[in-house]
Amino acid sequence: MKLPSHGSNPFYLYESLQIPLLEKQKRIDFSVNINPFGPPPMIREKWQSYYISIEDYPDPYCLQLKELISKKEHVKEKEIFIGNGASEIIFILASALLKNKKVLIVEPTFSEYQKACEMFGCQVSSFLLESEKNWELYADELLNAIHEVEAIFICHPHNPTGKAFQEKELYQILKEAAKQNTFVIIDEAFYDFSTQNHSMVQYLQKFPNLIILRSLTKMFAIAGIRLGYALGHEAVLEKLKKYQPEWSVNAIAQKIGALCLKDDEHVKRTQQWMEKERNRVSNELRKLGFDVSDSQVNFYLLNEPEKQDLKELIVFLLKHGIVPRHTYNFRGLEGRYLRLAIKKREENDRLLEVLQKWRKICSYL
Ligand SMILES: Cc1ncc(COP(=O)(O)O)c(C=O)c1O
């Protein structure tokens, strides 16, 4: 019998003693030492529907979320690690698994991989994707580097291009890396925007060196809630758990996350709409003479072929109320591109109008 290590969450105490759980109204939790009057009335009123969630400690094991993810992804609950967004998991992962190790990052990409690795003393090297190769990732070109490192970060579908790499190339990388137990961390924060199932989740059983990162931030637009998860081998995730404080994922995040994960319709609708809208916007932008990355998700890289620096365009867009993502801090891009999201149709039309205006002005320059 393993008793829970803390008070609150009585479910686990009843379970460990194999006693049927009494209904909430029939039990009083003396194991938790918080104010018996509950939260301030104003908060209670505002959060009425979440009241139960905010008064108690959150489930430290996030069981409901794990059950839902397990069904969805066909993985065991022990192969799921929940955290406060993929970003937090990247830091937990670096602290638990990568301390002082040699790490390779496929760039340009999300800057938090490097930040987390450097914080924990890793020796970081980069493999640069190239626009001339249409941002493709070829396993052959990575092979030498793979043999020199203990972990590789790959963002797929790729931020900032939105590109989906070929499965056979990712598979080849996983296979080579597995020969020397090199971790391959594939960040799939945007995978669910693609209609083509660009996930490597089916290789988790075969490759214990594979860790997949997911975020609920992007598809479900809940950036303020902070929720993400990792999928991986049970023994690897056990190590991550040691570096995560108890009750780390709050009750509201768990509740909202569960509601999101049940809404497959929202995901499907978004995916189908996104594919059409992305094609429409990309075609229009190409007609205007811009280079647009071959994205499979909800953003793309835009390049103005004749210009080495897009500061002038950034200023023009901002003055017209369009806020782009600059790329000065993306290795290999250094400001020569902009990353733009696919927004609602009217908003994308506004972007197209402003870029048309820019194009006219440019032709006089
Ligand atoms: C590739 C990638 N991974 C992870 C994240 C962070 O996700 P979360 O909000 O779940 O921390 C981002 C955020 O921009 C991202 O671009």
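Me: At 24% relative accessibility, is Arg336 buried, partly exposed or exposed?

Reply: This is a predicted model, and the class is computed from it. Buried would need under 20% and exposed over 50%. Arg336 has 24% relative accessibility, so Arg336 is partly exposed.

Me: Which side chain does Arg336 meet in a salt bridge?

Reply: Side chains of opposite charge can pair when their charged atoms come close. Here the N to O distance is 3.8 Å. The cut-off is 4 Å.

Me: How many salt bridges does a search of the whole structure find?

Reply: One of them joins Glu353 and Arg350, at 3.0 Å from N to O. Another joins Lys76 and Glu79. The search of the whole structure finds 23.

Me: In the salt bridge of Lys76 and Glu79, how far apart are the closest N and O atoms?

Reply: Lys76 is exposed, with a relative accessible area of 52%. Glu79 counts as buried, at 8% relative accessibility. Their closest N and O atoms are apart by 4.0 Å.

Me: Into which domains is the protein chain divided?

Reply: The bounds come from an automatic or database domain assignment. The chain is divided into domain 1 (10-55), domain 2 (63-262) and domain 3 (265-364).

Me: How much area do domain 2 and domain 3 bury between them?

Reply: Taken over C-alpha atoms, the centres of domain 2 and domain 3 are 26 Å apart. The contact takes 27 residues from domain 2 and 22 residues from domain 3. Of the buried area, 61% is on carbon and sulfur atoms. The area buried between the two domains is about 2100 Å².

Me: Which three residues supply more than any other three of the area that domain 2 buries against domain 3?

Reply: The size of an interface is often given as the accessible area lost when the parts come together. On the domain 2 side, three residues supply 26% of that area. They are Pro160, Phe193 and Thr195.

Me: How many residue pairs are in polar contact across the interface of domain 2 and domain 3?

Reply: The side of domain 2 that touches domain 3 has eleven nonpolar, 13 polar and three charged residues. Across the interface the rule finds two salt bridges. For residue pairs in polar contact, the count is eleven.

Me: Which side chain meets Glu107 in a salt bridge?

Reply: The N to O distance is 3.3 Å. That lies within the 4 Å cut-off. The partner of Glu107 is Arg331.

Me: Why is the pair of Phe11 and Tyr12 edge-to-face?

Reply: A pair of aromatic rings is described by the distance of the centres and the angle of the planes. The ring centres of Phe11 and Tyr12 are 4.9 Å apart. Phe11 is partly exposed at 34%, whereas Tyr12 counts as buried at 12%. Planes over 60 degrees apart count as edge-to-face, and here the planes are at 75°.

Me: Is the aromatic pair of Tyr203 and Phe207 stacked, tilted or edge-to-face?

Reply: Tyr203 counts as buried at 15% relative accessibility. Phe207 is buried too, at 4%. The centres are 6.5 Å apart, with 55° between the planes. Stacked needs under 30 degrees and edge-to-face over 60, so the pair is tilted.

Technical notes
Residues numbered from 1 in each chain as written. Predicted model: local features only at pLDDT ≥ 70, side-chain atom pairs only at ≥ 80, totals over all residues. Heavy atoms only, no water. Contact = heavy atoms within 4.5 Å. Buried area = accessible area lost by both parts, 1.4 Å probe. Polar contact = N/O pair within 3.5 Å; in protein donor to acceptor, adjacent residues only side chain to side chain. Nonpolar A, V, L, I, M, F, W, Y, C, P; charged D, E, K, R; others polar. Phe/Tyr/Trp six-rings, centres within 6.5 Å; stacked < 30°, edge-to-face > 60°. Buried < 20%, exposed > 50% of the residue type's maximum accessible area, 1.4 Å probe, protein only.
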